[in-house]
Amino acid sequence: MCRALSDGGRRCPGSIASSRATQAARQRKSRARAALRVARVADDQGVVDQDAVERAQRQLHDAEVAAAQARVAARIAHDEAVAGERAGTAGRLTVPSGEPVEVRRMQGETAVTEVLTYADGTRLVRKKNDRHGYDIGYDPIALSDAEELTPMVLQACGLRAAAVTRTGPAEVYMEFIEGQDAHTMEMNGQDASDVAPGSPQGRLLGLADAVVSHGDRNKENVIRTPKGEAVGVDNGDAHQHWPYARSPYADYLYDSNDLNVRNAVPNDYTPADMERLGQRLAKLRPEYVRRRRGDWHDDLMRRHGELAAQARGTVDLIAATP
């Protein structure tokens, strides 16, 4: 039976993995690997110098990049074919009609991110993940999926999250959060202690980061609103690349900084906290499956279970209603 590749399935006729471009890319990688094996054998026998091995390694690297490009292009084409199924599914944010009167480009490594201002004063953040950053290991579709799904987890932990809506396979619009990021506040000598790691909100943010394995949380993408709320933004690198979170907010939950192997340590959440959170996370599964990210949800629930087993608190820290 054919299943989505993201859910552990194998290639099926007509699938992304069986497109002509991806097939050609796989063949190129196969040839490059064969060339590298030959070069290494010859080098071991003293027939050629190390330069031949290095050339073969570069050819393999180039082939792997080409394969990544082909896969991303095929994935985008596939998702465009079913855009009606995927686009705008969040339904929590209305994008104004008409063109923005101002577009301000923001810094970003894996996406084109812009702050849009409309004639009525509305400001939104538009993030275009399409192909940008693929050559350093990022899948634009996965980035967009994470931007949609992670706010649901933040809300499950009782935090405010930016509203998000999907407008294309690799494009999302997000609520512009008024406030300042925690890093800038600290650099300017302002008090950001209520949104810092270790603060009540910071610990909840770390819990969310831990269950989604956030790979890029830092104080620059934690906004403190005028009401003192901690809002985690820039969530495209959740659920990917690392088995465990790369987040200073989540470090209190683990015994080391190893992103591949981490053991949960006793925490101050109560068993009731963790049961409540687990129920909320379980209810998100249809959202993950609809985006073909059932494997992400499996990992999310596994990490939650590891943390729940270490719940030692006596006072509930997660509100009964998010």
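This is a walk through one predicted protein model, from the whole chain down to single residues.

Start with the overall make-up. The protein chain has nine helices and eight strands. It has 322 residues, and 46% of them count as buried. Look next at how the chain meets itself. Among contacts with a separation of 6 or more, 66% are between residues 24 or more positions apart.

The pLDDT averages 82 over the protein chain, and 78% of the residues score at least 70. Over residues 1-18, however, the pLDDT is below 50. The model still gives this stretch 33 contacts beyond near neighbours in sequence. Residues 78-91 are another such stretch, with pLDDT under 50. There the model has 30 contacts beyond four places in sequence. Where pLDDT is low, the predicted coordinates should not be read in detail.

Now turn to the sheet. Five strands form an open sheet in the order S1-S2-S3-S5-S4, with antiparallel pairing. Its edge strands are S1 (102-106) and S4 (164-168), each of which pairs on one side only. From one strand to the next, the twist averages 25°.

Five bridges pair S1 with S2 in the antiparallel sense. Here Arg 104 stands opposite Val 115 in S2.

S2 covers residues 112-117 and S3 covers residues 123-128. These two strands are antiparallel and share six bridges. Two of the pairs can be picked out. Thr 117 has Arg 123 in S3 as its bridge partner. Leu 116 is partnered by Leu 124, also in S3. The two strands form a hairpin with five residues between them. In the turn, Gly 121 has a positive phi of about 95°.

How much of S2 is covered? Six of its six residues are buried. Val 112, Glu 114 and Leu 116 point one way from the strand. Thr 113, Val 115 and Thr 117 point the other way.

Continue from S3 to S5. These strands run antiparallel and are joined by five bridges. Lys 128 has Glu 171 in S5 as a bridge partner. Glu 171 also has Gly 168 standing opposite. S4 and S5 run antiparallel, joined by four bridges. They form a hairpin with two residues between them.

Take H7 (271-283), one of the helices that the buried residues of H9 pack against. H7 has 13 residues, which at 1.5 Å a residue should span 18 Å. Its end C-alpha atoms are 18 Å apart, so the length agrees. The buried residues in H7 are Asp 273, Met 274, Arg 276, Leu 277, Gly 278, Arg 280 and Leu 281. What covers them includes H4, H6, H8 and H9.

H9 (residues 294-308) can be checked in the same manner. At 1.5 Å a residue, its 15 residues should span 21 Å. The end C-alpha atoms are 21 Å apart, which agrees. Which residues of H9 are buried? They are Gly 294, Trp 296, His 297, Leu 300, Arg 303, His 304 and Leu 307. An α-helix has 3.6 residues a turn, so residues three or four places apart point the same way. The buried residues of H9 pack against H4, H6 (200-212), H7 and H8 (285-290).

Finish in a loop. Asp 255 sits between strand S8 (230-232) and H7. Leaving aside neighbours within four places in sequence, Asp 255 is in contact with Arg 262, Asn 263 and Val 265. Pro 266 is eleven residues from Asp 255 along the chain, and their C-alpha atoms are separated by 9.7 Å.

Conventions: Residues are numbered from 1 along each chain as its sequence is written. This is a predicted model: local features need pLDDT of at least 70, side-chain atom pairs count only at pLDDT 80 or more; totals for chains, interfaces and linings use all residues. Side-chain values use heavy atoms; hydrogens and water are left out. Buried means under 20% relative accessible area, exposed over 50%, partly exposed in between (1.4 Å probe, protein chains only). Contact means heavy atoms within 4.5 Å. Two strands pair if DSSP finds at least two bridges between them. Axes are lines fitted to C-alpha atoms, for helices over the stretch in contact, and angles run from 0 to 180 degrees between N-to-C directions. The expected span of a helix is 1.5 Å times one less than its number of residues. pLDDT is the predictor's confidence in each residue, from 0 to 100.
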